[in-house]
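Dear colleague,

I am passing on the structure below, together with notes on what I found when going through it. Please read the notes with the model open beside you.

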Amino acid sequence: MADYNRTKMYFFKFPNTFFDKDEIEELLSDFDGANTVILYLRLITLATNKEGYLCKLIAGELKPYSVEELSRKTNTDIDDLKDRMTKLKEVGLIELKDNMIFIEEALNYTNQTVGAEKKEKQRKKKKEKDNNKEDNCPPDIEERNNILETRNQSIETINNINNNSRLLVRQEDKPNPALQDICYQVVTYLNNKTFKNFKPGSKKTVDLIKLRLSEGYTLDDFYTVIDKMTQCWLSNGRLEEYLRPITLFSDKFEEYLEGNWERNEVDWSSQYYDTVY
């Protein structure tokens with residue numbers, strides 16, 4: 001038998017909204033962020049048919065890849081790989097699960113393409129046909145009309161529920177005007193200080209700012225954090241990459257605000273990845 005027939009082939013279901021996701025937009029806002037997105041896609045292919053885990057399948061057991069193995073398989077320098085995987089973890093595209101790196105989208109973006117899926121559909125169709133052989137009499141006309149009327153009423157009810165649900169979602173997702181104004185001021189100030197172009201309306205950014213405001217922080221606190229960390233990190237090697245909303249407005253906000261930060265011309269990039277493995 002040819003190798004093709006013995007090998008399971010998978011296709012990649014790439015949604016046309018992929019680049020509109022907040023996480024992907026956050027990655028692309030960084031310098032060289034496009035290569036991080038490409039690495040993410042390569043990692044998804046490695047997790048195919050392994051329940052979404054970045055691992056090897058040995059004797060029926062899943063065993064995690066080492067950093068060196070991932071470096072070889074993705075053709076990426078180890079230090080660069082660590083830095084980019086840290087960013088993927090920060091935006092929530094990868095996570096630690098069962099002591100292995102897990103990619104949820106690997107379960108959604110890939111599927112088997114040959115043989116099994118088609119055969120399964122054929123078997124189901126044949127089984128349904130066999131089950132219906134004994135029931136060859138057409139339903140009574142009145143009964144059929146009642147069934148159709150009931151079905152149409154159900155469809156109308158479902159459509160009304162869906163329309164109302166979409167309206168509620170749009171109303172709930174619409175940010176408060178005051179919150180929108182604060183987000184615009186904070187992100188605009190950050191862009192002016194860092195010479196970047198973050199979006200004030202990014203869902204992730206809005207959620208972080210909203211959370212910090214709920215904890216009692218003020219607009220001036222955001223300005224202070226931006227000023228302090230810009231002085232430490234701007235034009236300071238890879239540290240400049242962390243001048244972004246997802247880092248500055250994270251759970252470390254109080255540490256950035258209250259800490260005595262001084263500029264240090266040292267590359268700290270490796271320490272941000274240590275928690276991944």
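Which residues in H4 meet which residues in H5? On the H4 side they are Val67, Glu68, Leu70, Ser71 and Thr74, and on the H5 side Ile78, Leu81, Lys82 and Met85, where contact means heavy atoms within 4.5 Å. By type, the residues of this contact divide into five nonpolar, two polar and two charged; Ala, Val, Leu, Ile, Met, Phe, Trp, Tyr, Cys and Pro count as nonpolar, Asp, Glu, Lys and Arg as charged, and the others, Gly among them, as polar.

Before going further, a word on conventions. This is a predicted model, in which local features need pLDDT of at least 70 and side-chain atom pairs count only at pLDDT 80 or more, while totals for chains, interfaces and linings use all residues. Residues are numbered from 1 along each chain as its sequence is written, and side-chain values use heavy atoms, with hydrogens and water left out.

The protein chain has 13 helices and six strands, taken as DSSP runs (helices H or I, at least four residues; strands E, at least two) and numbered from the N terminus. Of its 277 residues, 32% are buried, where buried means under 20% relative accessible area, exposed over 50% and partly exposed in between (1.4 Å probe, protein chains only). Among contacts between residues at least 6 apart in sequence, 69% join residues at least 24 apart.

To return to H5, its packing against helix H4 (residues 67–74) is at an angle of about 95°, with the axes 9 Å apart; axes are lines fitted to C-alpha atoms, for helices over the stretch in contact, and angles run from 0 to 180 degrees between N-to-C directions. The two helices are therefore roughly perpendicular, a term for angles of 65 to 115 degrees. Within H4, Glu68 counts as partly exposed at 44% relative accessibility, and its C-alpha atom is separated by 9.7 Å from that of Leu81, 13 residues apart along the chain.

Helix H3 (residues 33–46) also approaches H5 (residues 78–90), the axes coming within 10 Å and crossing at roughly 85°, which makes H3 roughly perpendicular to H5. Asn35, Thr36, Leu39, Tyr40 and Leu43 of H3 make this contact with Leu81, Arg84, Met85, Lys87 and Leu88 of H5.

Glu241 counts as buried at 16% relative accessibility, and, leaving aside residues up to four places away in sequence, Glu241 touches Asp30, Asp83, Lys87 and Lys196.

Finally, in H10 the residues Thr205, Val206, Leu208, Ile209 and Arg212 are buried. Seen down the axis of H10, these buried residues fall within an arc of 165°, so they line one face of the helix; the arc is that of the directions from the helix axis to the C-beta atoms. They pack against helices H2 (22–28), H9 (177–194), H11 (219–233), H12 (245–248) and H13 (253–258), whereas the face turned away from the buried side carries the exposed residues Lys210 and Ser214. H10 is followed by Gly216, whose phi is positive, near 100°.

Conventions: Parallel < 35°, antiparallel > 145°, perpendicular 65-115°, else oblique.
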